[in-house]
Amino acid sequence: MRAYLILENGQIFEGEPFGAHGETTGEVVFATGMTGYLETLTDPSYYGQIVLQTFPLIGNYGVIPSDFESALIGAKGYIVKHPCREPSNFRSEETLDAFLKARGIVGLCGIDTRALTRVIRSDGVMNGKITTSPPAEADRGEAAAYTIRNAIASVSRRGIKKTGEGCRKVILIDFGAKRGIADALAARDCEVFSFPHDAPAEEILKHKPSGIMLSNGPGDPASPENAGIVETIKILQQSGVPIFGICLGHQLLALANGYKTQKLKFGHRGANQPVRETAANRVYITSQNHGYAVIADNSAFENVNDGTCEGIDYGVSFSVQFHPEARGGPLDTAFLFDRFLERIDAYAAR
C-alpha cells in the first residue's frame, strides 16, 4: 500500500503507511532530535501538528512508558524515513508501529525526509494531509484550510494533581505541561500542584503558593482564545509571588507584560539549540519545541542561530523559551530550577 503527504503548496511526497491507517491533516513541522522520539510524541505542545523527524532511523529503542511526558499524544501525524521494526532495549515494551496503531496516530515512512525538511526550511511551516488515497486537488485545499483551534483547552488537565512532597508549594498552571517540569520541581523539595489552564487567579492565590510555574503548551500565544489566561497572569504577577515560565509560559508571561510575539519561519524543535545567556556571555545547548517567539530587545537569553529572544528577566519573575527540564535533551540549563527556588526563598524571607 502507498501513502502520500500532500502539502498546501501542492507538493506531494509518496511513501508507505505505518502506525494507524487512515487520514490526518495538520501543520507539518520538523524536529531535529536523534533520540527522544517518545518524549516528542507525548509532548502536548505538538497538538495539531504532523511531526517530521529529520534523523532517518526512529524507533530503535522501542517504546518505554516511563519516558512518556504525558498520557496524551500531541501530534496528529508522524513522519519518519525508517521506522525500526525490531527495537533493541531491555526496557522496551512494544514497537513504535504498534504504539501508534494503538493510539490512532497516522504515520508515513519511506519518503525523502531530507527533501521535505528543506522545503519547510525554505518556504516555512505549512499544512499537509497524509492519506492512502490517490492525491486530489481537494486534499491540497483541505490542507490549506486547516487551522489549529482550542489548542490549550484541548491538552490541559481537568482537575488538580499533586506531585512530590516538600517545604515549598509551587502551583503549576498546565497549558499542556510535560511531566518532567513537575518532576524537576519535586526533586528539589517542592510540593507541586498542577492546575487547569483556566483556573482563576483568585483560586490559585487562595492556596498561598510559594511560587507559580507557567508550563509549555501548544498554539499561538497571541490567539484571542488565550486573552483570559493573559489577564490571569497579570493578576498573579501583581501578587508578587515569583513566577517561572517555560516555552508557551514564557510567551504568555511576555504578553502579560506588554511584549508582542511573532511566528517563526520554521521554529525551533530539537535537543541541540544553542542559547546564550547575555549577562554571563555563556552558551548552553538546549531542548526546544516552539513555533513562536517573543519580540524583545532586552533578552536575558538569546538564540545563537537567529538571535531571537529565549528568555526575559522581570526581577522577581523570569521565563525562558527552552526546556530546562531537558526531557529529552541536554541538562545544561537545569540550574534554572534552582534559580527559581532562590527567588522563592528570597520572597519568603522578606
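At 54% relative accessibility, Glu137 counts as exposed, where exposed means over 50% relative accessible area, buried under 20% and partly exposed in between, with a 1.4 Å probe and protein chains only. The model here is a predicted one, so local features need pLDDT of at least 70 and side-chain atom pairs count only at pLDDT 80 or more, while totals for chains, interfaces and linings use all residues. Residues are numbered from 1 along each chain as its sequence is written, and side-chain values use heavy atoms, with hydrogens and water left out.

Glu137 has a charged partner, Arg140, and the two form a salt bridge whose closest N and O atoms are 2.8 Å apart. A salt bridge here is a side-chain nitrogen of Lys or Arg within 4 Å of a carboxyl oxygen of Asp or Glu. Both residues sit in helix H4 (residues 137-145), three residues apart, or about one turn of the helix; helices (H or I, at least four residues) and strands (E, at least two) are DSSP runs, numbered from the N terminus. An α-helix has 3.6 residues a turn, so residues three or four places apart point the same way. Arg140, with 27% relative accessibility, counts as partly exposed.

By this rule, the salt bridges come to 25. One of them joins the side chains of Glu27 and Lys263, at 2.7 Å from N to O. That pair ties together distant parts of the chain, since Glu27 belongs to strand E3 (residues 24-31) and Lys263 to strand E15 (residues 260-277), 236 residues apart. Glu27 counts as buried because its relative accessibility is 10%, whereas Lys263, at 46%, is partly exposed. Arg103 and Glu94 make another salt bridge, with their closest N and O atoms 3.8 Å apart. Arg103 is partly exposed at 38% relative accessible area, and Glu94 is partly exposed at 27%. There is also a network of salt bridges that links Glu23, Lys129, Asp139 and Glu142.

Next comes helix H8 (residues 227-238). Its twelve residues reach 17 Å from the first C-alpha to the last, close to the 16 Å expected at 1.5 Å a residue; the expected span is 1.5 Å times one less than the number of residues. Ile229, Val230, Thr232, Ile233 and Leu236 are the buried residues of H8. They cover an arc of only 160° around the axis, so they end up on the same side of H8, the arc being that of the directions from the helix axis to the C-beta atoms. What do the buried residues of H8 pack against? Their partners are helix H5 (151-155), strand E11 (168-173), helix H7 (201-206), strand E13 (211-214), strand E14 (243-246) and helix H9 (248-256). After H8 comes Gly240, with a positive phi near 90°.

H9 is mostly covered, with nine of its nine residues buried. Among them are Leu248, His250, Gln251 and Leu255. Just after H9, Gly258 has a positive phi of about 90°.

Some loop residues are worth a look too. Ser210 is in the loop between H7 and E13. Although Ser210 and Ala348 are 138 residues apart in sequence, their C-alpha atoms are 7.3 Å apart in space. With neighbours within four places in sequence left aside, Ser210 is in contact (heavy atoms within 4.5 Å) with Arg168, Lys169, Val241, Pro242, Ile344 and Tyr347.

Arg157 lies in the loop between H5 and strand E10 (161-163) and, at 25% relative accessibility, counts as partly exposed. Arg157 and Pro196 are 39 residues apart in sequence, with 5.2 Å from C-alpha to C-alpha. Apart from neighbours within four places in sequence, Arg157 is in contact with Asp174, Ser194, Phe195 and Pro196.

Ser299 is found in the loop between strand E16 (282-295) and E17, and counts as buried at 13% relative accessibility. Not counting residues up to four places away in sequence, Ser299 touches Thr278, Cys309 and Gly311.

Val304 is in the loop between strand E17 (301-303) and strand E18 (309-313) and counts as partly exposed at 45% relative accessibility. Together with Val283 and Ile285, Val304 forms a nonpolar patch on the surface, with about 230 Å² of accessible area in total. Accessible areas come from the Shrake-Rupley method with a 1.4 Å probe, and for residues only the protein chains shown count as cover. Patches are made of residues with over 30% relative accessible area and no salt bridge, joining like charges within 9 Å and nonpolar side chains (Val, Leu, Ile, Met, Phe, Trp, Tyr) within 5 Å.
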